[in-house]
Amino acid sequence: MSKKIDFDKVVVRRGTNCVKWDEAPFDDVIPLWVADMDFRVAPAIQEALRRRVEHGVFGYNIVPDSYYQAVIAWFQRRHGWTIQREHILYTTAVVPAMSCVIKALTMPGERVLILSPAYNCFFSSIRNNGCEVLESGLLRCQRNHQPSFTLDWDHFEACCADEKTTLFLLCNPHNPTGRVWTREELLRMSDICHRHGVTIVSDEIHCELIMPGYTFVPMATVAPDSIVMNSPSKNFNTAGLQIANIICPDAEQRRRIDRAININEVCDVNPFGIVALEAAYNDSEQWLDQLCQYLWDNYQALCQFFAAELPQCRVSLLEGTYLPWVDVSALLGDATPYPTVEALCDRLLTEGHVWVNPGTMYGPLTGQHYIRLNIACPHSQLMEGLHRMKQVIG
């Protein structure tokens with residue numbers, strides 16, 4: 001694929017049973033909330049799905065050798081990570097994968113460590129499996145002259161040293177702060193976890209959405225005994241096709257996870273997910289590279305808009321994902337129209353008809369001064385949403 005993709009094209013999604021658009025309370029809402037993209041998938045994926053639909057029969061299916069070959073070749077070529085076929089377990093999505101891993105490798109009452117703020121399903125998956133959430137809050141810092149985040153290393157180690165902590169659930173790249181962890185940081189996490197007997201599980205669902213100047217490092221290339229969960233869903237906008245993989249090198253852990261996949265009844269995947277994964281990993285790399293550049297351009301436009309029009313809000317450095325994390329603490333307080341970040345988001349929705357996520361979704365304490373936005377949409381849609389935000393806040 002050599003032709004330039006028109007990511008500016010507006011695709012009408014309202015009225016298609018779309019969570020992002022059709023759950024909105026008003027017909028003209030600009031949805032900058034849930035993490036899915038408003039772009040058509042890569043042409044190779046569309047064509048592969050079209051051919052599969054034309055076959056006309058959609059019964060139970062097996063996962064073929066070509067599926068495993070596509071996964072292995074992609075991560076070897078793109079990230080220098082060699083995966084053994086027997087280490088791959090497929091399932092329906094990364095969140096069910098996460099729940100299966102927690103079920104398989106923990107006992108009720110044990111603690112699962114996360115870096116907070118964290119993707120909201122981390123909290124529910126841990127608690128749904130009878131474990132306690134143990135949060136190590138990220139510290140604010142400056143990177144490349146913008147607000148960013150780093151680990152509180154002393155607190156992180158103290159959490160790992162807790163005898164009840166058996167598993168560390170990492171988000172790499174990190175949602176919602178946008179950090180792409182460096183090799184040095186991953187090595188330090190790995191060293192601490194290994195010294196305290198804590199198993200590392202890395203959610204790498206956003207691993208291809210990396211901004212220019214940054215490099216994604218798979219945790220497994222640093223800690224070969226770690227367990228990785230990934231999927232083309234976020235990177236190629238195929239979340240509705242329900243496919244994901246767990247890569248686990250340890251045979252006993254893999255047996256237990258496979259058992260949990262069957263106990264949770266997420267062992268069968270649909271034919272469209274298989275076809276889409278192969279087309280994504282085999283034939284859609286140039287589309288992905290163009291997408292990342294477009295997301296970077298949208299992020300630059302967002303930063304410029306906030307600097308000029310809403311300077312009281314501070315945009316965190318976005319190294320990966322398409323989900324800028326914005327500090328709105330200057331707008332909040334009892335003496336303002338917005339006593340909480342939830343009140344701010346409610347006003348943006350009801351008055352501005354623009355939908356963003358309150359940071360408290362990702363940590364009641366660590367996210368209380370932030371909002372999360374989704375910039376994976378046509379530039380015109382993003383700018384309309386930002387102008388609506390200004391009309392309410394400004």
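Predicted model: local features only at pLDDT ≥ 70, side-chain atom pairs only at ≥ 80, totals over all residues.
Visitor: How many aromatic pairs does a search of the whole structure find?
Guide: The search finds 21 aromatic pairs. A pair here means rings of Phe, Tyr or Trp (its six-membered ring) with centres within 6.5 Å; planes under 30 degrees apart count as stacked, over 60 as edge-to-face and the rest as tilted.

Visitor: OK, back to rings. Which residues does the ring-pair cluster link?
Guide: Phe7, Phe39, Trp74, Phe75, Trp81, Phe236, Tyr281, Trp287 and Tyr294 are linked into a cluster by ring pairs.

Visitor: And Trp296 with Tyr299, where do they lie?
Guide: Both are in helix H11, three residues apart, about one turn of the helix. Helices (H or I, at least four residues) and strands (E, at least two) are DSSP runs, numbered from the N terminus. Trp296 and Tyr299 are both buried, where buried means under 20% relative accessible area, exposed over 50% and partly exposed in between (1.4 Å probe, protein chains only).

Visitor: Why does the pair of Trp325 and Tyr370 count as stacked?
Guide: Their ring planes are at 5°, with the centres 4.9 Å apart, so the pair is stacked. Trp325 sits in strand E12 and Tyr370 in strand E15, so this pair ties together parts that are 45 residues apart in sequence.

Visitor: Is Trp325 buried or exposed?
Guide: Buried, with a relative accessible area of 1%. Tyr370 counts as buried too, at 5%.

Visitor: How many bridges join E12 to E15?
Guide: Three bridges join E12 (residues 325-327) to E15 (residues 370-372), and the two strands run antiparallel. Asp327 has Tyr370 as its bridge partner in E15. Two strands are said to pair if DSSP finds at least two bridges between them.

Visitor: What's the strand order in that open sheet of four?
Guide: The order is E11-E12-E15-E14, and the pairing is antiparallel. At the edges stand E11 (314-315) and E14 (357-358), each with a single partner strand, so one side of each is left without a neighbour in the sheet.

Visitor: And the order in the seven-stranded one?
Guide: That open sheet runs E2-E10-E9-E8-E7-E3-E4, with mixed pairing. Its edge strands are E2 (88-91) and E4 (132-137), each pairing on one side only. From one strand to the next, the twist averages 25°.

Visitor: What does helix H6 touch on the sheet?
Guide: H6 (residues 153-161) packs on the sheet and touches strand E3 (111-116), E4 and E7; its direction makes about 160° with that of E4. Angles run from 0 to 180 degrees between N-to-C directions, and axes are lines fitted to C-alpha atoms, for helices over the stretch in contact. Contact means heavy atoms within 4.5 Å.

Visitor: How many bridges join E7 to E8?
Guide: Five bridges join E7 (residues 165-171) to E8 (residues 199-203), and these strands run parallel. Cys171 has Asp203 as its bridge partner in E8.

Visitor: New topic: helix H3. Which of its residues are buried?
Guide: Tyr67, Tyr68, Ala70, Val71, Trp74, Phe75 and His79. They cover an arc of only 160° around the axis, which puts them on the same side of H3. That arc is taken from the directions from the helix axis to the C-beta atoms.

Visitor: What covers them?
Guide: The cover for the buried residues of H3 includes E2, E9, E10 and the helices H8 (233-236), H10 (271-283) and H11 (285-309).

Visitor: What follows H3?
Guide: Gly80, whose phi is positive, near 65°.

Visitor: Last one: where is Met37 found?
Guide: In the loop between strand E1 (30-31) and helix H2 (43-55). Met37 is buried, with a relative accessible area of 0%. Leaving aside neighbours within four places in sequence, Met37 is in contact with residues including Arg13, Trp287 and Ala376.

Visitor: How far apart are Met37 and Asn237?
Guide: They are 200 residues apart in sequence and 6.0 Å apart in space, C-alpha to C-alpha.

Key:
Residues numbered from 1 in each chain as written. Heavy atoms only, no water.
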